[in-house]
Amino acid sequence: MTDVSLRRFRDIDADALRRLLTETVQQINQRDYTAAQIAAWAAEDYDRQAWLTRLRQNQPIIAEVDGMIAGFADVKADGYIDHFFCSVAA
């Protein structure tokens, strides 16, 4: 049986969430985005502090499957979804 749980973002999740976003955009969504969009959204070289700040502001919900991060999402007060990503392995 698969154990699925939801929890709040913690600072230590930042690198794992960035990897998940990058892998998802580059592997799953490559046919949905232009090369320029992929390069902008899933760049290997990014400002880690800016990413952490964005996550702290958005406070995403983390989905874990059997203790491993399988996805994350956030919704702003005005209803805007900034991130909604699932792992290629999930």
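**Stop 1: the core.** Select Leu17, Leu21, Val25, Trp51, Leu55, Phe72 and Phe85. Among the 14 residues of the largest nonpolar core, these touch the most other members. A nonpolar core is a set of buried Ala, Val, Leu, Ile, Met, Phe, Trp, Tyr and Cys residues joined through side-chain atoms within 4.5 Å. Helix 1 and helix 3 each supply at least two residues of this core. Helix 1 gives the most, with five residues. In soluble globular proteins, nonpolar side chains tend to be buried together.

A word on the model before you move on. It is predicted, so local features need pLDDT of at least 70 and side-chain atom pairs count only at pLDDT 80 or more, while totals for chains, interfaces and linings use all residues. Residues are numbered from 1 along each chain as its sequence is written, and side-chain values use heavy atoms, with hydrogens and water left out.

**Stop 2: helix 1.** Select residues 14-28. Helices (H or I, at least four residues) and strands (E, at least two) are DSSP runs, numbered from the N terminus. Helix 1 has 15 residues and reaches 20 Å from first C-alpha to last. That is close to the 21 Å expected at 1.5 Å a residue, where the expected span is 1.5 Å times one less than the number of residues.

Which residues of helix 1 are buried? Pick Ala14, Leu17, Arg18, Leu20, Leu21, Thr22, Thr24 and Val25. Buried means under 20% relative accessible area, exposed over 50%, and partly exposed in between (1.4 Å probe, protein chains only). These buried residues pack against helix 2 (35-41), helix 3 (48-58), strand 2 (61-65), strand 3 (68-75) and strand 4 (81-86).

- Thr24 counts as buried because its relative accessibility is 4%. Thr24 touches Asn29, Phe85, Cys86, Ser87 and Val88.
- Gln26 is partly exposed, with a relative accessible area of 30%. Gln26 touches Ile38, Ala42 and Glu44.

Now draw a distance from Gln26 to Phe72: their C-alpha atoms are separated by 17 Å. Along the chain they are 46 residues apart.

**Stop 3: the largest pocket.** Select Arg18, Leu21, Trp41, Arg54 and His83. Of the 16 lining residues, these are the closest to the centre of the largest pocket. On a 1 Å grid over the protein atoms alone, a pocket is an open set of points where a 1.4 Å probe fits, with protein on both sides within 12 Å along at least five of seven lines; lining residues have an atom within 4 Å of a point. About 310 Å³ of space lies in this pocket. Strand 4 gives the most to its lining, with four residues.

**Stop 4: the second largest pocket.** Select Leu20, Met68, Ile69, Ala70 and Ser87. Of the 11 residues that line the second largest pocket, these lie nearest its centre. About 230 Å³ of space lies inside. Which element gives the largest share of the lining? Return to helix 1, which supplies four residues.

Key. Contact means heavy atoms within 4.5 Å. Grid points are joined across faces, edges and corners, and a volume is the space filled by probe spheres set on the points. Lists of a residue's contacts leave out its neighbours within four places in sequence.
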